[in-house]
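Visitor: I've got a model open and I'd like to learn how to read its strands. Can you walk me through them?

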Amino acid sequence: MNEESSVKTSKEEEGSSPVCVGREDDLKKNKKTTASVHDREVVVFYHNGRFYALDCRCYRSGGAVGKAVGDINGQACIICPWHKYKITLATGEGLYQAINPREPSLSPKWRSKGVKQRTHTVTVDNGNVYVTLSDVVDSIDSDYYAEKFKNMIYSPLKK
Ligand code: FES
């Protein structure tokens, strides 16, 4: 192993370690927080008894998505304040409404555009909440704004 691959492996391992983003009690009370996790801006929600973590900047144009959470078609979603895009908290899918002209009712139904916003893993340990960044290698639309707004928030303690 040469020095370059050793450094790369070390950086990759560092990026995959969990980072503390706050106390469990505080997050449950406040319902959300933003944090820098290995220089990536992440928003963490507590909604209906579950924690979720996603990239903080909307995949559409980089709006900060940490304002409103609602349930759409039975799924917990962020509603981006800029253009009202809906993004599922659990999977990062973009949702939209569409009408199928071949169906007789012509009532709009919710559909998925696929995963647009990168989601991350949340764990709770000893009263602290940790975020581990997604290791999905395929590019996800929100990666562009995650890179553009890198290093924008404080650096919390590492686990
Ligand atoms: S930036 Fe999120 S909907 Fe436009």
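This is a predicted model: local features need pLDDT of at least 70, side-chain atom pairs count only at pLDDT 80 or more; totals for chains, interfaces and linings use all residues.

Visitor: In which sense do strand 4 and strand 10 pair, and over how many bridges?

Guide: Strands of a sheet pair through backbone hydrogen bonds, and the sense can be parallel or antiparallel. Here strand 4 and strand 10 (residues 119-125) run antiparallel, over two bridges. Strand 4 also pairs with strand 3 (residues 40-47), again in the antiparallel sense, this time over six bridges. In that pairing, valine 42 stands opposite aspartate 55 in strand 4.

Visitor: What do strand 3 and strand 4 form, and how many residues are between them?

Guide: They form a hairpin, with two residues between them. Look at asparagine 48 in that turn: its phi is positive, about 50°.

Visitor: Is strand 4 largely enclosed or exposed?

Guide: Largely enclosed by the rest of the structure, because five of the six residues in strand 4 (residues 50-55) are buried.

Visitor: Now the five-strand sheet: in what order do the strands come?

Guide: The order is 5-6-7-8-9, in an open sheet with antiparallel pairing. From one strand to the next, the twist averages 40°.

Visitor: Which strand pairs with strand 9?

Guide: That's strand 8 (residues 93-98), antiparallel over five bridges. To spot the pairing, find glutamine 97, which stands opposite tryptophan 110 in strand 9.

Notes
Residues are numbered from 1 along each chain as its sequence is written. A residue is buried if 20 or more other C-beta atoms lie within 10 Å of its own, exposed if 12 or fewer, and partly exposed in between; C-beta atoms are placed from the backbone. Helices (H or I, at least four residues) and strands (E, at least two) are DSSP runs, numbered from the N terminus. Two strands pair if DSSP finds at least two bridges between them. Axes are lines fitted to C-alpha atoms, for helices over the stretch in contact, and angles run from 0 to 180 degrees between N-to-C directions.
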